[in-house]
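Subject: Structure for you to look at

Dear colleague,

Here is the structure that I promised to pass on to you. Please open it beside this message, and then read on for what was found in it.

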Amino acid sequence: MTKNCKHTLEFDTDNNKPSKISKPHNHNMTQKNSAAGIQRYLVAIEYIGTHFSGSQKQLSCRTVVGALEEAFTKFIGQAVIVSCSSRTDAGVHALSNVCHVDIQRTSKRRPGEVLPPHEPSVVRRAVNHFLQKNDSDLTVIDVRCVPLDFHARFSAQERTYFYRLLSGPEPVSAFEKDRAWHVPEELNLSAMRKTSFIQFMQEACKVLVGRHDFSSFRAAGCQVASSLQFLNIKCQFYDHIISSLYELSINKIALLQATSPIRTLDELSICEVIPSLYFPNTMDRERHNQDLNGCHSNSETVIPPPSSSASIDKGTTSTEDIGFGKRRQHRCLVVTARARSFLYHQVRLLVGVLKVVGTGNLTIPDVERILNAKTITAASPMAPACGLYLGEVKYDLPN
């Protein structure tokens with residue numbers, strides 16, 4: 001098959017002569033690809049970002065895409081290209097990142113014979129089988145078949161990120177290492193209620209929500225990174241999939257989008273939650289037992305189950321005696337950021353400002369000043385990568 005970045009030649013099976021020149025990414029091509037056994041899979045994955053040098057494939061480092069491509073190659077016996085919906089830096093985690101991959105299932109006994117595509121459940125089990133042979137830090141959580149013109153990145157309608165902060169002077173638990181940003185300053189509820197720091201942080205969120213020029217919250221390497229992505233366009237021809245001209249035009253659009261600092265931030269909120277690995281204390285267990293006993297009695301009195309806010313209110317302070325061998329819990333704050341797309345390091349820069357607001361070193365007018373300054377030098381230090389989680393990528397999935 002002839003390689004060409006503009007169009008492809010399709011050959012007649014009888015006389016091996018070019019029958020027609022196909023245009024990139026049209027309905028006839030999609031039908032022909034489907035008939036040839038090519039299936040595009042949308043794959044949702046979770047991973048511990050600490051163990052990877054980012055999501056994008058690199059030659060000398062272990063990355064999410066690199067590990068995923070290796071597992072797929074072992075599964076189907078041929079090289080594949082994995083395209084991610086969202087690029088994450090080294091140390092950034094994912095509860096659900098999404099990518100797509102094109103697979104042509106062929107017979108191992110009869111080389112060249114094209115077989116019907118694998119069921120999504122088969123793909124999930126098989127790829128996880130090879131992934132689990134490594135460090136079990138990358139897992140496929142869902143797989144779905146999609147049309148060949150469905151793109152994991154450019155078909156995404158919305159992305160949601162979470163950022164975890166642990167506040168308190170106590171050392172971070174070994175179970176929380178590299179899973180959150182430890183802020184030594186006390187940001188417990190009592191202090192927040194006395195000084196309204198949590199309200200200040202929420203008010204700061206309101207200032208930043210909406211459509212703005214986020215130049216103050218865009219890392220200096222944003223345009224450079226986008227340009228590098230453009231230069232590294234996969235300009236080779238993908239047999240039976242889509243022409244490189246379509247890939248080229250998509251990447252040009254991505255470059256134009258990345259050079260603009262204008263973004264619409266649909267949600268930026270902060271709330272306090274129970275720290276992860278929360279185990280019920282004595283009061284929780286007693287209340288739960290009373291609730292179970294009440295289910296077997298004729299009493300109409302209903303004992304409500306313990307809520308997250310109630311448990312948070314009962315958190316320990318740094319001076320309270322909780323008994324020997326028991327760890328004092330940190331206060332856990334979660335910042336949620338939701339938008340169609342984000343600038344490079346935008347979420348971590350937003351969290352950096354909110355944290356300084358929470359410690360009382362910035363006011364709401366200061367946040368407005370930073371936003372209007374339209375320069376990265378006006379922002380507070382960026383939050384570390386360890387607390388950031390890609391939570392969800394939303395699509396309008398075809399039936």
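Where pLDDT is low, the predicted coordinates should not be read in detail. For the protein chain, the average pLDDT is 78, and 72% of the residues score at least 70.

This is a predicted model, in which local features need pLDDT of at least 70 and side-chain atom pairs count only at pLDDT 80 or more, while totals for chains, interfaces and linings use all residues. Residues are numbered from 1 along each chain as its sequence is written, and side-chain values use heavy atoms, with hydrogens and water left out.

As for the overall picture, the secondary structure of the protein chain comes to eleven helices and twelve strands, where helices (H or I, at least four residues) and strands (E, at least two) are DSSP runs, numbered from the N terminus. Of the 399 residues, 44% count as buried, a word that here means under 20% relative accessible area, with exposed meaning over 50% and partly exposed in between (1.4 Å probe, protein chains only). Among contacts between residues at least 6 apart in sequence, 75% join residues at least 24 apart.

Next come the charged pairs. The structure holds 14 salt bridges, each being a side-chain nitrogen of Lys or Arg within 4 Å of a carboxyl oxygen of Asp or Glu. One of them joins the side chains of R62 and D137, at 2.9 Å from N to O. This pair links distant parts of the chain, since R62 sits in the loop between β3 (38-47) and α2 (64-76) and D137 in the loop between α3 (120-131) and β6 (138-146), 75 residues apart. R62 is partly exposed, with a relative accessible area of 31%, whereas D137 is buried, at 4%.

In another salt bridge, the closest N and O atoms of R164 and E176 are 3.0 Å apart. Here too distant parts of the chain are linked, with R164 in strand β7 (residues 158-167) and E176 in the loop between β7 and β8 (181-183), twelve residues apart. Both R164 and E176 are buried.

Within helix α5 (residues 197-208), E203 and K206 lie three residues apart, about one turn of the helix, and they form a salt bridge whose closest N and O atoms are 3.3 Å apart. E203 counts as partly exposed because its relative accessibility is 36%, and K206 is exposed because its relative accessible area is 57%. Salt bridges also link E158, E267 and R338 in a network.

Finally, please look at K355, which is found in helix α10 (residues 346-358). Is K355 buried or exposed? K355 counts as buried, because its relative accessibility is 17%. Leaving out residues up to four places away in sequence, K355 touches L165, W181, V183 and E185.

Terms used
pLDDT is the predictor's confidence in each residue, from 0 to 100. Contact means heavy atoms within 4.5 Å.
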